[in-house]
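Hi everyone, thanks for coming.

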Amino acid sequence: MFHVAILAGGPSSEHEVSLATSAEMLSILRSGGHEVRPVLIDRENRWSVGSLEDSFDLSGEPTSCEQALKQLKSHGEVACLGLHGPYGEDGTVQRLLESAGIPYTGSGPVASAVGMDKELSKLAAGKAGARTASHEVLEGARFPAWGIQKGVGYPCFVKPVDAGSSVGVARAEDEAALRAAIPLAQAEDTRGRCMVESLITGNEVTCTVLRHGEELLTFPLVSVQPADAFYDYHAKYNSKDTQYICPAEVRRETQAEIELVSRTLYGLLQLDGVVRMDFIVREEDGQPVFLELNTLPGFTSHSLVPMAAHAAGWSSLQVLESILTNRQALP
Ligand SMILES: Nc1ncnc2c1ncn2[C@@H]1O[C@H](COP(=O)(O)OP(=O)(O)O)[C@@H](O)[C@H]1O
Ligand SMILES: [Mg+2]
């Protein structure tokens, strides 16, 4: 039996999604007979440490992060991270847990920081053999109109460099639309940056990688087909019309390439736990283009990782137990 504290919420724009992921993890782990304590981090970074009977609707007075970490350390449990986005997924919480001597699930601080940063992730993905789309990173009001026109082109995508769940992401058809979307994307980035990226038209697929003992497993690819323009927040969490196809219908060579790049990148960045690597299989030539990776991917009942795992014959509980068993960070 594992003794686990699930960390949920946090100050990122993905607070709500994190609560959904964490509630699901809590119910799955308890159903498997594990002892689970909910820990809620609010949007102001105040922590509430629940009891082993609580769920995440904790009513007590929250405490400081430092106090909560002391409490967690005294319980001797493993921190299971149900967090998404900056703070929980970018190495910040990982560093705090390491300095408090608390073991945790998922990747270490450096790998998490690279994974959260879309520019660094693309650099690493290139090193792992992936194709990536051209991009420019913009800070402040600087607008290199010529560079964007020539290097990126229109239509293009604009997004925060370090957010998730499609918050602040927009497709821009022309310069006027791009100029309007840039500040909205920058507002969602912790350092006020945005990435302007060439449009890739094609089939969006995700590859789930899990360290399981000595092995790096990949689960069947999931393809995502939103009803409208792209896989935005609504298509991810609210729409009934988004279609998920698993296993994705892609050519065998394409699948092999996606899996190889995903495993290579996992090893290169020294990732841990379950990680999702996202690609678009380009319509024009069938080649996969790396988009981004998620070091703490969603784990709700309709998330892509459980879907891929189930297609491989794994239950969600088996995935969580594998993450806890094969965890690399801290003894
Ligand atoms: N260059 C691109 N070409 C086509 N679609 C894109 C591109 N960049 C992002 N998208 C669309 O926007 C969605 C969100 O972008 P993504 O880079 O995955 O950010 P997030 O971390 O918010 O999920 C993607 O799932 C995809 O549907
Ligand atoms: Mg994404």
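I'll start with the overall fold, then go to the cores, the ligand and the domains.

One thing to keep in mind is that this is a predicted model. The chain holds 11 helices and 15 strands. Along its principal axes, the C-alpha trace spans about 55 × 45 × 35 Å. How does the radius of gyration fit with a compact globule? For 331 residues such a globule would come out near 20 Å, and the chain has 19 Å, so the two agree. Buried residues account for 48% of the 331. Now take the contacts between residues at least 6 apart in sequence: 66% of them join residues at least 24 apart.

Let's look at the domains. The chain is divided into three pieces: domain 1 (3-104), domain 2 (113-131 + 201-326) and domain 3 (135-198). The centres of domain 1 and domain 3, taken over C-alpha atoms, are 33 Å apart. Where these two touch, seven residues come from domain 1 and seven residues from domain 3.

Next, the inside. As a reminder, in soluble globular proteins nonpolar side chains tend to be buried together. Here the largest nonpolar core has 73 residues, and Ile6, Leu7, Val39 and Ala79 are those with the most contacts inside it. Which helix gives the most to this core? That is helix 1 (residues 15-31), with eight residues. Both domain 1 and domain 2 give residues to the core, so it lies between them.

Finally, the ligand. Ligand 1 is surrounded by 19 residues, and the closest are Phe157, Gly164, Ile200, Phe230 and Tyr231. Strand 7 (156-160), strand 9 (193-198), strand 14 (274-282) and strand 15 (288-294) are the elements that each give two or more residues to this shell. And what is the shell made of? It divides into 10 nonpolar, four polar and five charged residues. Domain 2 and domain 3 each supply at least three residues to the shell.

That's my tour, and I'm happy to go back to any part of it.

Technical notes. Residues are numbered from 1 along each chain as its sequence is written. Chains are lettered from A and ligands numbered from 1 in the order in which they are written. This is a predicted model: local features need pLDDT of at least 70, side-chain atom pairs count only at pLDDT 80 or more; totals for chains, interfaces and linings use all residues. Helices (H or I, at least four residues) and strands (E, at least two) are DSSP runs, numbered from the N terminus. The radius of gyration is taken over C-alpha atoms; the globule rule is 2.2 Å times the number of residues to the power 0.38. A residue is buried if 20 or more other C-beta atoms lie within 10 Å of its own, exposed if 12 or fewer, and partly exposed in between; C-beta atoms are placed from the backbone. A nonpolar core is a set of buried Ala, Val, Leu, Ile, Met, Phe, Trp, Tyr and Cys residues joined through C-beta atoms within 7 Å. Domain bounds come from an automatic or database domain assignment. A residue is near a molecule or strand if its C-beta atom, placed from the backbone, lies within 6 Å of it. Ala, Val, Leu, Ile, Met, Phe, Trp, Tyr, Cys and Pro count as nonpolar, Asp, Glu, Lys and Arg as charged, and the others, Gly among them, as polar.
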